[in-house]
Amino acid sequence: MAKLELQNLTKAYSQKIVPVKDLSLSVEDGEFLTLVGPSGCGKSTILRMIAGLDQPTEGRVLIGGKDVNPLAPGDRNIAMVFQSYALYPHMSVQQNIASGLKLRNLATGDIQKRVQDASRVLGLDPLLDRRPAKLSGGQRQRVALARALVRNPDVFLLDEPLSNLDALLREQVRADLKQIFEDQQSPVVYVTHDQTEAMTLSSKVAVLSDGYLQQLGSPNEIYKTPANRFVASFIGSPQMNIIPLERVNNAVLLGDSKVDLPTNLPAKSSVIMGIRPEHLRLPREGDHQIVQGNVFLVENLGMSDLISLRVHGDDNLTLRALLPSDATWSRENLKLALPPESIHWFDTETEARLN
Amino acid sequence: MTTVTKPTAPTPSSTSDSSIPWKRILLWLAIAFTVIFSLAPVLWQVLTSIKTNAAITADPTVYFPGLDQLTARHYIDLFRENQFQIYIINSALVSVISTILCLALGSPAAYALARLRIPGEQLVLGAVLVVTLFPYILLFLGLLEIVRALGLANNYLALIVPYTAINLPLTILVMRSFFQQLPKDLEDSAKVDGYNTLQMLWQIVLPMTLPALVTTGILAFIFAWNEFLFALTFMTRESMKTIPVAAAQLGGTTLFEVPYGPLAASTVVGTLPLVLLVLFFQRRIVQGLTAGSVKG
Ligand SMILES: Nc1ncnc2c1ncn2[C@@H]1O[C@H](COP(=O)(O)OP(=O)(O)O)[C@@H](O)[C@H]1O
Ligand SMILES: [Mg+2]
């Protein structure tokens, strides 16, 4: 149990390959921080620097206020779950789970009790004598988790622990993970490229791209007020509609329809508009910002239909909207309302949020 | 994966309407031919080694000796008169020590070449590869001078050192490619768990490396066990000779007699340890011990 701090962390493999650039953040006790970003954006590198498997080029890692840069991975009291699980193939499940404890010279009784507790929580009791080769993917994953849990570490690190599971199992284990780590006091740093995992598990999300921290906030903040165009398009599924538009006085033209800009925007000739498909809806009384177009694609997602609309007045302009599957609407001249409070505005050059 | 023969319906495309399984018959014929072709010389040696001298030289050739044509004489002579146990011990000593040295020196080198970022790594690898291409006979001439200069003749070291050196490049190359395909996550995981480097190598890496160690070890052992030229030249004292040399120098009772029986017996005695070794370690060689450590 200890606060984890990263101060101005930079990692450069060479002049050109700099996967982590000047990253500063902190994770308090009981917090669950998720690092999310596209593949190759430096997430694993950050985790490896926290673990001590890689040395940062610049900056410091502090655990409980103590600079751990000079410490070897084994002396930092952290536990890490690898994407490949990294179970020792020549040891039984029991030995795998206990390996880290044995090295710390704990009493045998204590080790046994901890292994039993973890094995009960994760349902591994019938598997304790098996070798990893004789386990399914989901079972291996749970063994790797148990090996981390028994350690009682100061910090938990998890690198894409669900990405090797099939979709159904992933959802189940995700829920289990959430429960298990809610009972833990230590800070958790979780790496994923899957934004659903990031949104459902975390108390705090760090969106990374290109080695830079794009936004740090609660899942709700990230979703409701994305800090820039990248975060807006990366978080949320289906993806947000992002449309660069020319400005006409205090409004923009979306095909034939006019959309008013908020009053506090800086005076520039163009602007980027963003609206999530789930926020476009069939017009109700009182809606005054309406866009009209022809539907050219309907994708049935079960609970709702994802429709793609070609906007009247501009053939290159398409919008995607999520409509409840029980709603009735026509494919020709469909009208959709753009609620002003759900529209995001971004700067064309800096791509930063404006409203 | 186990092979499963699926009950397939007869396909209309099959050319013959008869039910003779030509493919299977051909397959078994090919297998039988291969087995006989490779084992015939060995079986012939075994047969010769247990036939009486009269039966060996008899014309026509005796393929299936009767009870009165069988004898253990050749084997008994081998140990009574020729003191073959000394040569076996010499061979075993030289082969075992050079194999162990080879693995003990080669594996750490291979691990370093596979895992560390060493400046000039490609150069080192190139050099190692070139050594394997070096003609054996040229090495021999140089070594002869060295052995003479150091006074190492009739010393086990004169064989152990060259055998180790000759096998080292192959060991390094094979072990390096094995280490490269070992998942690095396992070593990282061990570090996070708190293993120090030595413990990690000994308790995590070594057990996973056993199959590769056994395979390369057996290759090195077979080379050392069978080597003739160095052994012939560097070991002149009777009590220091190895099996191949001793077998070649077996004499008949008269100068003009070729001692077929004792020769065959010595061949069998010399081959048996290798056969046992391979049979014993076969499971280890085949077994993929790393299976299941990471997602597979
Ligand atoms: N040992 C290394 N040497 C050179 N480049 C590396 C090394 N490890 C990672 N990289 C590079 O750093 C970048 C980030 O990698 P990584 O942190 O693994 O990304 P991810 O976000 O997918 O986990 C990638 O472009 C990768 O090629
Ligand atoms: Mg990664």
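**Ground rules.** I worked from a predicted model in which local features need pLDDT of at least 70 and side-chain atom pairs count only at pLDDT 80 or more, while totals for chains, interfaces and linings use all residues. Residues are numbered from 1 along each chain as its sequence is written, chains are lettered from A and ligands numbered from 1 in the order in which they are written, and side-chain values use heavy atoms, with hydrogens and water left out.

**Entry 1: the domains.** I looked up how chain A is divided and found domain 1 (4-234) and domain 2 (241-346); the bounds come from an automatic or database domain assignment. Taken over C-alpha atoms, the centres of domain 1 and domain 2 of chain A are 39 Å apart. To the contact (heavy atoms within 4.5 Å), domain 1 of chain A gives eight residues and domain 2 of chain A gives seven.

**Entry 2: what lies between them.** I noted a buried area of about 670 Å² between the two domains of chain A, with 60% given by carbon and sulfur atoms. Buried area here is the accessible area (1.4 Å probe) that two parts lose on being put together, summed over both. On the domain 1 side, Y223(A), R229(A) and A232(A) supply 73% of what that domain buries against domain 2, more than any other three residues.

I then searched this interface for salt bridges (a side-chain nitrogen of Lys or Arg within 4 Å of a carboxyl oxygen of Asp or Glu), and the rule finds zero. It does find two residue pairs in polar contact, both at pLDDT 80 or more. A polar contact is a pair of N or O atoms within 3.5 Å; within protein, one must be able to donate a hydrogen and the other to accept it, and residues adjacent in sequence count only if both atoms are side-chain atoms.

**Entry 3: ligand 1.** I listed the residues around ligand 1 (a heavy atom within 4 Å); among them are Y13(A), K43(A), T45(A) and R117(B). Chains A and B both supply residues around ligand 1, so the site is shared between chains. A backbone N or O atom of K43(A) is 2.9 Å from a ligand 1 oxygen, and one of C41(A) is 3.2 Å from a ligand 1 oxygen. From chain B, a side-chain N or O atom of R117(B) is 3.5 Å from a nitrogen of ligand 1.

**Entry 4: S233(A).** Neighbours within four places in sequence aside, S233(A) is in contact with Q239(A) and I242(A).
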